[in-house]
Amino acid sequence: MTETPHGTTGRGIVDRQALTDIIPLAIPAIPFGFIVGLAVTESAMPQWVAWLTAPLIFAGAAQLAMITLAGAASLWAVITAVLVINIRHVMYSAALAPTFRKQPRWMRRVGPFLLVDQTFALASLQTHRAPADFRRYYLTVAVTLYAVWNVVVPLGMLVGPVVPESWRLDLAPPIMFAGLTLLAIKKIPAAVAAMVGGFVSLATIDLRDRLGIAVGAIAGVIAGAIAEQIIERRACTARPRPPQEPLR
Amino acid sequence: MSTTAALVALACGAIGTYFARSGLILLLADRALPASVERALQNVGPAVLAALTINLAVGSRGLGEVEFIEVAALIVAGLVTVWRRNLIWTFVVGMATIWMLGALT
(Lines give C-alpha, C1' and ligand atoms only; values in the text may rest on other atoms or scores of the structure.)
Protein backbone atom coordinates (compact mmCIF):
# COMPACT_ATOMS: atom_id res chain seq x y z
CA MET A 1 0.00 0.00 0.00
CA THR A 2 1.34 3.41 -0.93
CA GLU A 3 1.15 6.52 1.20
CA THR A 4 2.19 10.08 0.44
CA PRO A 5 3.76 12.26 3.16
CA HIS A 6 0.64 14.36 3.56
CA GLY A 7 -1.84 11.63 2.88
CA THR A 8 -3.18 13.33 -0.27
CA THR A 9 -2.67 12.41 -3.89
CA GLY A 10 -3.62 15.47 -5.90
CA ARG A 11 -6.93 16.96 -6.95
CA GLY A 12 -9.74 15.48 -9.00
CA ILE A 13 -12.70 13.20 -8.51
CA VAL A 14 -10.66 10.00 -8.53
CA ASP A 15 -7.96 9.29 -5.95
CA ARG A 16 -5.07 7.59 -7.76
CA GLN A 17 -3.66 6.05 -4.61
CA ALA A 18 -7.05 4.51 -3.89
CA LEU A 19 -7.12 3.00 -7.38
CA THR A 20 -3.67 1.50 -6.85
CA ASP A 21 -4.65 0.17 -3.43
CA ILE A 22 -7.90 -1.43 -4.55
CA ILE A 23 -6.50 -3.52 -7.43
CA PRO A 24 -5.09 -6.40 -5.30
CA LEU A 25 -8.30 -6.50 -3.27
CA ALA A 26 -10.65 -6.28 -6.26
CA ILE A 27 -9.03 -9.12 -8.21
CA PRO A 28 -10.05 -11.86 -5.72
CA ALA A 29 -13.61 -10.51 -5.84
CA ILE A 30 -13.83 -11.33 -9.55
CA PRO A 31 -14.03 -15.16 -9.34
CA PHE A 32 -16.26 -14.86 -6.29
CA GLY A 33 -18.66 -12.56 -8.15
CA PHE A 34 -18.57 -14.98 -11.04
CA ILE A 35 -19.62 -17.83 -8.72
CA VAL A 36 -22.44 -15.72 -7.31
CA GLY A 37 -23.58 -15.18 -10.91
CA LEU A 38 -23.44 -18.91 -11.58
CA ALA A 39 -25.38 -19.59 -8.37
CA VAL A 40 -28.08 -17.14 -9.53
CA THR A 41 -28.76 -19.35 -12.55
CA GLU A 42 -29.28 -22.40 -10.30
CA SER A 43 -31.24 -20.60 -7.56
CA ALA A 44 -34.81 -21.40 -6.55
CA MET A 45 -35.37 -17.63 -6.55
CA PRO A 46 -36.63 -15.91 -9.71
CA GLN A 47 -33.43 -15.01 -11.55
CA TRP A 48 -34.11 -11.29 -11.77
CA VAL A 49 -34.67 -11.07 -8.01
CA ALA A 50 -31.50 -13.09 -7.32
CA TRP A 51 -29.59 -10.75 -9.66
CA LEU A 52 -30.89 -7.69 -7.76
CA THR A 53 -28.98 -8.88 -4.68
CA ALA A 54 -25.78 -7.62 -6.39
CA PRO A 55 -26.74 -3.94 -6.72
CA LEU A 56 -29.00 -3.81 -3.63
CA ILE A 57 -27.28 -5.96 -0.99
CA PHE A 58 -23.73 -5.83 -2.41
CA ALA A 59 -22.24 -8.40 -0.03
CA GLY A 60 -20.83 -11.56 -1.63
CA ALA A 61 -21.16 -14.09 1.19
CA ALA A 62 -24.64 -12.89 2.17
CA GLN A 63 -25.78 -12.90 -1.45
CA LEU A 64 -24.47 -16.42 -1.98
CA ALA A 65 -26.21 -17.57 1.20
CA MET A 66 -29.52 -16.03 0.13
CA ILE A 67 -29.32 -17.40 -3.40
CA THR A 68 -28.32 -20.94 -2.40
CA LEU A 69 -30.57 -21.25 0.67
CA ALA A 70 -33.67 -20.03 -1.18
CA GLY A 71 -35.93 -22.99 -1.73
CA ALA A 72 -34.00 -25.19 0.72
CA ALA A 73 -34.77 -23.11 3.83
CA SER A 74 -37.75 -21.10 5.04
CA LEU A 75 -38.05 -17.42 4.17
CA TRP A 76 -37.14 -16.39 7.72
CA ALA A 77 -34.14 -18.71 7.82
CA VAL A 78 -32.86 -17.11 4.59
CA ILE A 79 -33.31 -13.57 5.96
CA THR A 80 -31.72 -14.50 9.29
CA ALA A 81 -28.71 -16.06 7.54
CA VAL A 82 -28.15 -12.89 5.48
CA LEU A 83 -28.44 -10.58 8.48
CA VAL A 84 -26.25 -12.74 10.70
CA ILE A 85 -23.52 -12.91 8.04
CA ASN A 86 -23.60 -9.14 7.62
CA ILE A 87 -23.59 -8.36 11.34
CA ARG A 88 -19.81 -7.93 11.15
CA HIS A 89 -20.53 -4.68 9.30
CA VAL A 90 -21.72 -3.23 12.63
CA MET A 91 -18.10 -3.43 13.74
CA TYR A 92 -16.92 -1.59 10.63
CA SER A 93 -19.60 1.02 11.21
CA ALA A 94 -18.44 1.47 14.80
CA ALA A 95 -14.80 1.82 13.79
CA LEU A 96 -15.43 4.43 11.06
CA ALA A 97 -18.11 6.41 12.92
CA PRO A 98 -15.72 9.09 14.28
CA THR A 99 -14.28 9.68 10.78
CA PHE A 100 -17.71 9.87 9.15
CA ARG A 101 -18.78 12.42 11.74
CA LYS A 102 -16.73 15.03 9.86
CA GLN A 103 -18.41 14.16 6.56
CA PRO A 104 -21.42 15.93 5.05
CA ARG A 105 -24.83 14.40 5.70
CA TRP A 106 -25.18 12.91 2.18
CA MET A 107 -21.88 11.08 2.63
CA ARG A 108 -22.92 9.73 6.05
CA ARG A 109 -26.00 8.28 4.39
CA VAL A 110 -24.60 7.07 1.06
CA GLY A 111 -21.08 6.01 2.11
CA PRO A 112 -22.11 3.13 4.42
CA PHE A 113 -24.11 1.47 1.62
CA LEU A 114 -20.76 0.70 -0.03
CA LEU A 115 -18.99 -0.34 3.19
CA VAL A 116 -17.77 -3.87 2.41
CA ASP A 117 -14.78 -5.78 3.81
CA GLN A 118 -12.26 -4.43 1.29
CA THR A 119 -13.47 -0.83 1.61
CA PHE A 120 -13.19 -1.01 5.38
CA ALA A 121 -9.74 -2.59 5.23
CA LEU A 122 -8.40 0.28 3.09
CA ALA A 123 -10.43 3.20 4.47
CA SER A 124 -9.58 2.40 8.09
CA LEU A 125 -5.92 3.11 7.23
CA GLN A 126 -6.75 6.57 5.83
CA THR A 127 -8.70 8.11 8.70
CA HIS A 128 -5.89 10.65 9.29
CA ARG A 129 -6.74 12.40 6.00
CA ALA A 130 -8.64 15.68 5.77
CA PRO A 131 -12.41 15.05 5.39
CA ALA A 132 -12.51 15.89 1.66
CA ASP A 133 -9.46 13.73 0.95
CA PHE A 134 -10.84 10.85 2.96
CA ARG A 135 -14.14 11.16 1.09
CA ARG A 136 -12.41 11.02 -2.30
CA TYR A 137 -10.31 8.04 -1.26
CA TYR A 138 -13.28 6.16 0.22
CA LEU A 139 -15.56 6.77 -2.74
CA THR A 140 -12.88 5.81 -5.29
CA VAL A 141 -12.30 2.48 -3.53
CA ALA A 142 -15.98 1.79 -2.89
CA VAL A 143 -17.35 2.78 -6.31
CA THR A 144 -14.61 0.81 -8.09
CA LEU A 145 -15.51 -2.31 -6.13
CA TYR A 146 -19.23 -1.76 -6.71
CA ALA A 147 -18.67 -1.40 -10.47
CA VAL A 148 -16.46 -4.51 -10.67
CA TRP A 149 -18.97 -6.54 -8.69
CA ASN A 150 -21.92 -5.48 -10.80
CA VAL A 151 -20.12 -6.40 -14.02
CA VAL A 152 -18.84 -9.77 -12.85
CA VAL A 153 -22.09 -11.13 -11.35
CA PRO A 154 -24.10 -10.73 -14.62
CA LEU A 155 -21.15 -12.26 -16.52
CA GLY A 156 -21.41 -15.33 -14.30
CA MET A 157 -25.15 -15.45 -15.02
CA LEU A 158 -24.51 -15.40 -18.78
CA VAL A 159 -21.94 -18.18 -18.63
CA GLY A 160 -23.83 -20.29 -16.03
CA PRO A 161 -26.39 -21.96 -18.33
CA VAL A 162 -23.68 -22.92 -20.84
CA VAL A 163 -21.56 -24.72 -18.23
CA PRO A 164 -22.09 -28.52 -18.32
CA GLU A 165 -23.34 -30.25 -15.16
CA SER A 166 -20.25 -32.47 -15.11
CA TRP A 167 -18.18 -29.44 -14.11
CA ARG A 168 -19.81 -29.72 -10.67
CA LEU A 169 -20.06 -25.98 -10.10
CA ASP A 170 -22.74 -26.76 -7.49
CA LEU A 171 -19.78 -27.57 -5.21
CA ALA A 172 -18.21 -24.14 -5.72
CA PRO A 173 -20.19 -22.28 -2.98
CA PRO A 174 -19.04 -24.50 -0.06
CA ILE A 175 -15.47 -24.27 -1.35
CA MET A 176 -15.64 -20.47 -1.45
CA PHE A 177 -17.25 -20.35 2.02
CA ALA A 178 -14.49 -22.60 3.37
CA GLY A 179 -11.92 -20.17 1.94
CA LEU A 180 -13.75 -17.15 3.37
CA THR A 181 -13.93 -18.84 6.79
CA LEU A 182 -10.19 -19.43 6.87
CA LEU A 183 -9.43 -15.89 5.70
CA ALA A 184 -11.68 -14.51 8.44
CA ILE A 185 -9.66 -16.26 11.16
CA LYS A 186 -7.09 -13.82 12.48
CA LYS A 187 -6.82 -14.83 16.15
CA ILE A 188 -7.21 -17.94 18.31
CA PRO A 189 -10.72 -17.00 19.59
CA ALA A 190 -11.86 -16.63 15.97
CA ALA A 191 -10.48 -20.10 15.20
CA VAL A 192 -12.35 -21.50 18.21
CA ALA A 193 -15.53 -19.72 17.05
CA ALA A 194 -15.18 -21.23 13.56
CA MET A 195 -14.47 -24.76 14.80
CA VAL A 196 -17.34 -24.79 17.29
CA GLY A 197 -19.65 -23.13 14.72
CA GLY A 198 -18.80 -25.82 12.17
CA PHE A 199 -19.15 -28.75 14.58
CA VAL A 200 -22.44 -27.55 16.06
CA SER A 201 -23.78 -26.87 12.58
CA LEU A 202 -22.87 -30.46 11.66
CA ALA A 203 -24.43 -31.85 14.85
CA THR A 204 -27.66 -29.96 14.15
CA ILE A 205 -27.77 -30.68 10.43
CA ASP A 206 -31.15 -32.42 10.72
CA LEU A 207 -32.92 -29.37 12.14
CA ARG A 208 -35.58 -28.07 9.79
CA ASP A 209 -35.23 -24.89 7.74
CA ARG A 210 -31.44 -25.06 8.08
CA LEU A 211 -31.72 -23.73 11.61
CA GLY A 212 -28.42 -25.46 12.26
CA ILE A 213 -26.66 -22.47 10.68
CA ALA A 214 -28.02 -20.05 13.29
CA VAL A 215 -27.50 -22.56 16.14
CA GLY A 216 -23.92 -23.21 15.00
CA ALA A 217 -23.19 -19.50 14.61
CA ILE A 218 -24.49 -18.63 18.09
CA ALA A 219 -22.54 -21.52 19.66
CA GLY A 220 -19.43 -20.39 17.79
CA VAL A 221 -19.69 -16.77 18.94
CA ILE A 222 -20.18 -17.88 22.57
CA ALA A 223 -17.22 -20.28 22.33
CA GLY A 224 -15.09 -17.50 20.82
CA ALA A 225 -15.99 -15.15 23.68
CA ILE A 226 -15.13 -17.83 26.27
CA ALA A 227 -11.79 -18.51 24.53
CA GLU A 228 -11.09 -14.77 24.57
CA GLN A 229 -11.70 -14.62 28.34
CA ILE A 230 -9.51 -17.66 29.04
CA ILE A 231 -6.65 -16.21 26.98
CA GLU A 232 -7.02 -12.84 28.74
CA ARG A 233 -6.97 -14.46 32.19
CA ARG A 234 -3.88 -16.50 31.33
CA ALA A 235 -2.15 -13.37 30.06
CA CYS A 236 -2.97 -11.60 33.33
CA THR A 237 -1.62 -14.42 35.53
CA ALA A 238 1.51 -14.80 33.36
CA ARG A 239 2.33 -11.08 33.62
CA PRO A 240 5.01 -10.50 36.34
CA ARG A 241 3.68 -8.57 39.33
CA PRO A 242 5.44 -5.35 40.37
CA PRO A 243 7.72 -5.87 43.40
CA GLN A 244 5.88 -5.22 46.68
CA GLU A 245 7.31 -3.04 49.41
CA PRO A 246 8.29 -4.98 52.53
CA LEU A 247 5.81 -4.72 55.39
CA ARG A 248 6.92 -2.63 58.30
CA MET B 1 -39.57 -19.78 -3.75
CA SER B 2 -42.36 -17.51 -4.97
CA THR B 3 -41.60 -14.07 -6.42
CA THR B 4 -43.25 -12.36 -3.44
CA ALA B 5 -41.23 -14.37 -0.90
CA ALA B 6 -38.04 -13.68 -2.87
CA LEU B 7 -38.79 -9.95 -2.95
CA VAL B 8 -39.46 -9.94 0.80
CA ALA B 9 -36.14 -11.72 1.40
CA LEU B 10 -34.36 -9.25 -0.89
CA ALA B 11 -35.93 -6.20 0.76
CA CYS B 12 -35.21 -7.44 4.31
CA GLY B 13 -31.66 -8.43 3.34
CA ALA B 14 -30.95 -5.08 1.65
CA ILE B 15 -32.47 -2.92 4.41
CA GLY B 16 -30.90 -5.00 7.20
CA THR B 17 -27.48 -4.89 5.54
CA TYR B 18 -27.70 -1.12 5.03
CA PHE B 19 -28.57 -0.54 8.68
CA ALA B 20 -25.78 -2.88 9.84
CA ARG B 21 -23.36 -0.73 7.83
CA SER B 22 -24.80 2.69 8.60
CA GLY B 23 -26.43 2.29 12.03
CA LEU B 24 -23.52 3.30 14.21
CA ILE B 25 -22.24 5.88 11.71
CA LEU B 26 -25.62 7.60 11.79
CA LEU B 27 -26.50 7.14 15.45
CA LEU B 28 -23.37 6.73 17.55
CA ALA B 29 -20.78 8.77 15.70
CA ASP B 30 -19.15 10.10 18.87
CA ARG B 31 -19.48 7.07 21.16
CA ALA B 32 -17.70 3.73 21.17
CA LEU B 33 -19.19 0.27 21.74
CA PRO B 34 -18.11 -1.59 24.89
CA ALA B 35 -14.84 -3.45 24.22
CA SER B 36 -16.45 -6.81 25.03
CA VAL B 37 -19.16 -6.24 22.38
CA GLU B 38 -16.59 -5.26 19.78
CA ARG B 39 -14.54 -8.38 20.55
CA ALA B 40 -17.63 -10.59 20.30
CA LEU B 41 -18.52 -9.04 16.94
CA GLN B 42 -15.10 -10.04 15.60
CA ASN B 43 -15.99 -13.70 16.09
CA VAL B 44 -19.34 -13.51 14.32
CA GLY B 45 -17.85 -13.74 10.81
CA PRO B 46 -15.78 -16.93 11.33
CA ALA B 47 -18.56 -18.65 13.31
CA VAL B 48 -21.27 -17.95 10.74
CA LEU B 49 -19.11 -18.75 7.72
CA ALA B 50 -17.98 -22.08 9.21
CA ALA B 51 -21.56 -23.04 10.05
CA LEU B 52 -22.64 -22.13 6.51
CA THR B 53 -19.79 -24.07 4.90
CA ILE B 54 -20.72 -27.26 6.75
CA ASN B 55 -24.45 -26.78 6.16
CA LEU B 56 -24.01 -26.17 2.43
CA ALA B 57 -21.51 -29.02 2.03
CA VAL B 58 -23.63 -31.60 3.84
CA GLY B 59 -26.99 -30.09 2.92
CA SER B 60 -30.18 -32.01 3.48
CA ARG B 61 -28.62 -35.26 2.21
CA GLY B 62 -27.11 -36.18 5.57
CA LEU B 63 -23.51 -36.87 6.48
CA GLY B 64 -23.54 -40.38 4.97
CA GLU B 65 -24.33 -39.05 1.50
CA VAL B 66 -21.46 -36.57 1.26
CA GLU B 67 -19.22 -37.46 -1.67
CA PHE B 68 -15.54 -38.27 -1.19
CA ILE B 69 -14.49 -35.78 -3.87
CA GLU B 70 -16.39 -33.02 -2.05
CA VAL B 71 -14.55 -33.64 1.23
CA ALA B 72 -11.21 -33.94 -0.58
CA ALA B 73 -11.82 -30.69 -2.46
CA LEU B 74 -12.75 -28.85 0.76
CA ILE B 75 -9.61 -30.07 2.51
CA VAL B 76 -7.33 -29.21 -0.42
CA ALA B 77 -9.00 -25.82 -0.92
CA GLY B 78 -8.63 -25.12 2.81
CA LEU B 79 -4.93 -25.95 2.78
CA VAL B 80 -4.38 -23.76 -0.28
CA THR B 81 -6.25 -20.87 1.35
CA VAL B 82 -4.03 -21.07 4.43
CA TRP B 83 -0.95 -21.24 2.21
CA ARG B 84 -1.76 -18.57 -0.38
CA ARG B 85 -4.31 -16.38 1.51
CA ASN B 86 -6.01 -15.80 -1.84
CA LEU B 87 -9.53 -16.82 -2.91
CA ILE B 88 -8.61 -17.24 -6.59
CA TRP B 89 -6.28 -20.06 -5.59
CA THR B 90 -8.96 -21.51 -3.32
CA PHE B 91 -11.45 -21.70 -6.17
CA VAL B 92 -9.07 -22.91 -8.88
CA VAL B 93 -7.41 -25.62 -6.79
CA GLY B 94 -10.69 -26.70 -5.14
CA MET B 95 -12.45 -27.13 -8.49
CA ALA B 96 -9.38 -28.73 -10.09
CA THR B 97 -9.42 -31.33 -7.29
CA ILE B 98 -13.06 -32.12 -8.01
CA TRP B 99 -12.43 -32.47 -11.75
CA MET B 100 -9.33 -34.61 -11.35
CA LEU B 101 -10.88 -36.96 -8.76
CA GLY B 102 -14.09 -37.07 -10.82
CA ALA B 103 -12.10 -38.20 -13.87
CA LEU B 104 -10.24 -40.84 -11.85
CA THR B 105 -13.28 -42.36 -10.08
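Select residues 16-165 of chain A as domain 1 and 185-238 as domain 2, bounds that come from an automatic or database domain assignment. This is a predicted model, in which local features need pLDDT of at least 70 and side-chain atom pairs count only at pLDDT 80 or more, while totals for chains, interfaces and linings use all residues. Residues are numbered from 1 along each chain as its sequence is written, chains are lettered from A in the order in which they are written, and side-chain values use heavy atoms, with hydrogens and water left out.

The C-alpha centres of the two domains of chain A lie 25 Å apart. Between them, domain 1 and domain 2 of chain A bury about 410 Å², 73% of it on carbon and sulfur atoms (accessible area, 1.4 Å probe, lost on being put together and summed over both parts). Next, on domain 1, pick L69(A), A72(A) and S74(A), which lose the most area to domain 2 of chain A, together 56% of what that side buries. Across this interface the rule finds zero salt bridges, a salt bridge being a side-chain nitrogen of Lys or Arg within 4 Å of a carboxyl oxygen of Asp or Glu.

Over all chains, the search finds three salt bridges. Go to R129(A) and D15(A), whose side chains meet at 2.8 Å, N to O; the two residues are 114 apart in the chain, and both are buried (under 20% relative accessible area, 1.4 Å probe, protein chains only).

Then select R136(A) and D133(A), paired at 3.3 Å and three residues apart in helix α9 of chain A.

Finish at E67(B) and R168(A), which meet at 2.9 Å.

Terms used: Buried area is the accessible area (1.4 Å probe) that two parts lose on being put together, summed over both. Helices (H or I, at least four residues) and strands (E, at least two) are DSSP runs, numbered from the N terminus. Buried means under 20% relative accessible area, exposed over 50%, partly exposed in between (1.4 Å probe, protein chains only).
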